Amino acid sequence: MARLLASLLGLQKGEREMALLMAAYHFLLLIILYLLKPVRDSLFLAGRGPEELPYVFILTTVLVVPVVILHTRVGQAMRIGRLVDGVTVFLAANLVGLYWLLTTDASWVPYLLYAWVSIFSLLITSQFWLLANAIFGASQAKRVFTVLSAGAILGAVAGGEMTGLLVNVAEIHSRTLLFVAAFLLVGSVVLSRWIRARHRHRGGTVDGGTDPSSTTAFDDGTDEPTRAVAATDGEPDPEKATHTAEEHEASTQMAARPSGSWEAWSIIRNSRHLRLIVGVIAIMVVTSTFVDFQFKTVAAQAFVAEDALTSFMGRFYGRVSLVALVVQFLIAPRLIRVLGIGGALSVLPLALAGGTIAMVLVPGLVAGVALRGADQTLKHSIDKTGRELLFVPVSLQKKKKVKVFVDLFVDQGAQGVAGALLLLFTAVLGFSTADLGGVVALLIMGWGTIAYLARRSYVDEFRKRLRRQEENDSSDEAETRVSETLDELLESLCSRSERETRAALTQLEEGEETVPVDALVCLLDHYSAEVRAHAIRVLRVRTVEGLGAEIVEALTDPDPDVQLEAARYLYCQSGERIERLKEALAHDDVRIRAAAVGLIAEEGSPETYRLITEATLRHLMDVPGAAGEDARTHVARILGVIDRPYRIEMLHALLFDSSDQVIEGAIQAAGRSGERAFVHPLLVRLKQDRFEEAAREALANFGDRILGTLYDVMVDARVSMDVRVQVPRILTDLQNDLAMTVLVAALPDVPVPVQHAIVRALSRLHASGYESFSTEDIAQAVRREIERYAAFGQILHLLQRRNRDALGAVDRSDIREARKRSLERTFRLLGLQYDQRDVYDAYIGLTSDDRTLRSSAIEFVDNLVDYSTSRILLPLLDDPSGAKAVEYGEKHFDLRIKTPSDARDYLSSVDDPRLDPEAAEDRPDASAMPAFAQGDGASTGATVAGDGSLNIEKGDELPDAP
């Protein structure tokens with residue numbers, strides 16, 4: 001029965017027991033309260049009369065202040081469990097004392113009882129929600145809190161009925177009900193301790209004290225600290241430590257807070273979110289008090305006789321409680337799931353606005369019942385849940401210090417303000433009941449504004465928490481020390497750290513310090529070619545002359561980039577540059593000739609290009625040994641910038657040279673040349689780790705002319721997977737909207753590894769400001785990815801109950817990795833639809849080992865994405881074992897992976913070679929690379945139209961390779 005009830009309420013498996021137990025606890029507390037309220041009212045009205053009610057309101061407000069101060073101080077020194085138990089036992093003892101005082105018939109005792117019950121009501125409610133915030137995380141709160149509020153409403157109905165039965169049927173004297181309430185309070189302590197013990201047994205823990213790492217938050221006398229829970233199905237993870245991000249935040253931030261009686265107010269004053277919570281509560285209380293006054297005024301006018309009025313009020317409150325119960329059970333959970341906290345905070349103001357309009361237009365009992373009925377029905381159900389949700393992102397340390405303070409002081413203070421305003425408008429200004437409707441309308445407008453700001457602040461609090469974690473996790477590189485003196489600069493130049501040496505060289509290159517020439521000359525023998533080249537560049541930029549011999553020697557350096565810097569020093573500072581280059585090209589040393597060719601390739605002009613002859617280049621290509629390797633590298637560079645008939649033939653030969661250095665230079669030159677004849681060999685080089693980066697950059701130099709070619713490569717199953725996964729990064733380098741269009745078009749037609757590369761590329765392009773994609777296409781891609789994520793979850797859940805070889809060569813770790821990649825793709829795609837930084841922060845939080853941070857990230861996502869996405873994604877996010885994927889995968893995607901055969905069939909359909917061992921067989925090699933059209937920029941299957949739009953014919957086949 002409990003499982004059925006929990007299912008109807010939308011609770012998930014791992015939270016059902018605790019939610020129903022806490023609802024029962026709330027139910028009991030409200031029974032006690034509604035035993036005490038009738039006693040309070042009847043004894044006061046019979047003994048002192050209704051005319052003295054204003055005085056008891058003032059007394060209650062005055063007593064709230066010391067109670068808040070005392071409770072705050074006690075709360076700072078005690079953990080939540082001991083705080084709740086201690087205060088509850090103290091209140092039970094108070095009831096016994098009040099019973100004894102009532103027997104004295106002292107005139108002041110009814111005042112004390114009335115004020116005490118009012119504070120008791122606020123105190124037990126506030127402590128209950130403090131405990132609930134400690135037990136349930138942010139992602140659970142919206143599901144669970146509605147159930148907890150329903151328990152309270154049911155308790156109010158039961159408490160009122162029980163009071164009537166005890167007084168009318170059992171003929172128990174009103175004062176004796178204090179003993180009944182005291183007995184039930186003691187029973188509530190037993191229930192509270194049992195709930196906390198069950199939570200501890202299931203691995204739950206929160207920060208509730210000064211040393212969160214030493215024991216549990218509840219601290220019921222056990223010495224063994226509780227471990228953090230990893231999954232919502234209640235299985236504790238012994239590998240996780242209890243010290244969470246929330247605890248770290250509390251220990252670092254709260255340590256700097258001032259101590260003393262006004263610490264709670266200081267925390268509120270320094271937190272915009274808490275100030276908005278106070279604003280929402282205060283304006284709600286003021287508005288509700290005005291509504292209550294209007295209702296009682298019209299009710300008193302309609303029912304003159306006391307018995308008739310009492311009967312009406314009893315029926316009204318009883319039926320309103322039942323309506324509230326129905327709302328809480330049937331409407332509130334779904335409404336909050338669909339509309340979120342913003343909807344929960346908006347329902348009551350909107351309902352009161354409708355009642356206020358009726359009160360202004362046709363003031364009377366019907367309008368009053370509608371107005372007050374909406375207030376009582378929603379205030380303690382949907383609106384109460386929304387207000388409690390506002391506290392969820394607040395750290396538990398702060399909540400302990402301010403929650404009771406807000407619930408007691410703000411509530412009573414706002415009621416006092418409302419009373420003063422009512423005196424002003426009615427006694428001084430003479431407003432009628434209808435006139436007060438205008439005031440209520442203004443209050444509702446302010447209420448709506450503050451509620452809107454509070455909802456935004458609620459989301460911002462999760463955003464700030466996630467970004468703090470991102471900043472904590474990011475390991476920024478150590479700052480490079482700036483050398484302020486010549487000695488420090490020399491020390492940095494001679495450092496064993498290449499990074500520090502290069503930083504000092506950069507400082508010299510860009511600054512005006514005295515150049516330590518001897519130190520720079522020593523660096524010409526440094527082990528790092530980059531340092532050697534940088535040292536020569538500093539000498540050239542700072543115009544240090546007289547080092548011709550040393551630099552000429554650098555022309556024979558084994559690294560071609562060092563040779564190039566040496567050539568720049570020798571030939572780019574002289575006014576006789578052309579003549580000097582001619583001399584270098586005619587030099588007997590082949591390395592000097594090659595360096596001159598390389599210099600012309602990098603810094604040449606049409607005039608210097610004419611110095612290059614075919615004979616010179618062919619001679620350099622025939623040089624043997626290490627010198628020949630450098631010479632061919634420089635030849636490749638010059639072929640990238642000069643348009644000669646022999647360029648394609650010579651550069652093609654260099655692309656297949658025996659030296660990796662030469663090949664890399666030829667790849668770069670091929671990209672600079674723009675010759676489509678090199679597209680095919682460059683694509684082939686993409687599958688070689690040594691050359692993939694250079695090949696990508698070279699292909700990107702071709703620009704939009706090869707967009708169709710790149711599309712064909714991505715979608716052609718005959719092309720090596722190693723090549724296909726590199727293409728999206730090329731399109732990223734193109735940095736334009738057409739590249740994004742091609743990527744989106746290819747997304748549904750490529751295997752998973754290529755999809756992963758495409759999604760990463762789209763993410764990078766979007767971060768650069770490109771948004772040329774269909775939102776519908778991205779939404780469909782998101783749904784496909786979430787479905788895949790759910791399927792992997794079902795397979796994981798299946799493998800937990802099967803042997804490791806159930807899927808052959810694919811094991812559990814493969815599925816876990818595939819699921820992680822699927823989650824990454826999901827969030828990268830969501831980053832195209834929503835603020836990319838927000839989505840990234842949520843992803844960092846979700847992949848954190850901190851359960852509290854994961855819960856915050858889930859709640860943040862729920863408030864970030866639309867409902868159609870959140871309803872299928874959120875249940876799967878906190879699901880490491882795949883248990884929820886079984887239920888929700890079947891519910892939303894009709895996924896039923898129940899046997900190893902089902903799992904193998906699904907993995908075969910995913911089109912991911914990493915998950916399908918058979919896919920590795922008979923895979924075509926690089927020779928299967930199709931030949932592409934040359935010359936006009938068109939390729940089979942895709943063209944770029946004259947207006948710049950992309951025409952892609954997905955059904956076209958590519959020609960076979962020659």
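Which residue forms a salt bridge with Arg 914? The views below start with that pair. The model is predicted, with local features needing pLDDT of at least 70 and side-chain atom pairs pLDDT 80 or more, while totals for chains, interfaces and linings use all residues. Residues are numbered from 1 along each chain as its sequence is written, and side-chain values use heavy atoms, without hydrogens and water.

**View 1. Arg 914 and Asp 912 form a salt bridge.** Their closest N and O atoms are 3.1 Å apart. A salt bridge is a side-chain nitrogen of Lys or Arg within 4 Å of a carboxyl oxygen of Asp or Glu. Asp 912 is buried, with a relative accessible area of 3%, and Arg 914 is partly exposed at 41%. Buried means under 20% relative accessible area, exposed over 50%, and partly exposed in between (1.4 Å probe, protein chains only).

**View 2. Glu 603 forms a salt bridge with Arg 568.** The closest N and O atoms are 2.3 Å apart. Glu 603 lies in helix 23 (residues 590–603) and Arg 568 in helix 21 (residues 560–571), 35 residues apart. Helices are DSSP runs (H or I, at least four residues), numbered from the N terminus. Arg 568 counts as buried at 11% relative accessibility, whereas Glu 603 counts as partly exposed at 34%.

**View 3. Glu 649 forms a salt bridge with Arg 618.** Here the closest N and O atoms are 2.8 Å apart. Glu 649 belongs to helix 27 (residues 647–655) and Arg 618 to helix 25 (residues 614–621), so the pair ties together parts 31 residues apart in sequence.

Methods
Helices (H or I, at least four residues) and strands (E, at least two) are DSSP runs, numbered from the N terminus.
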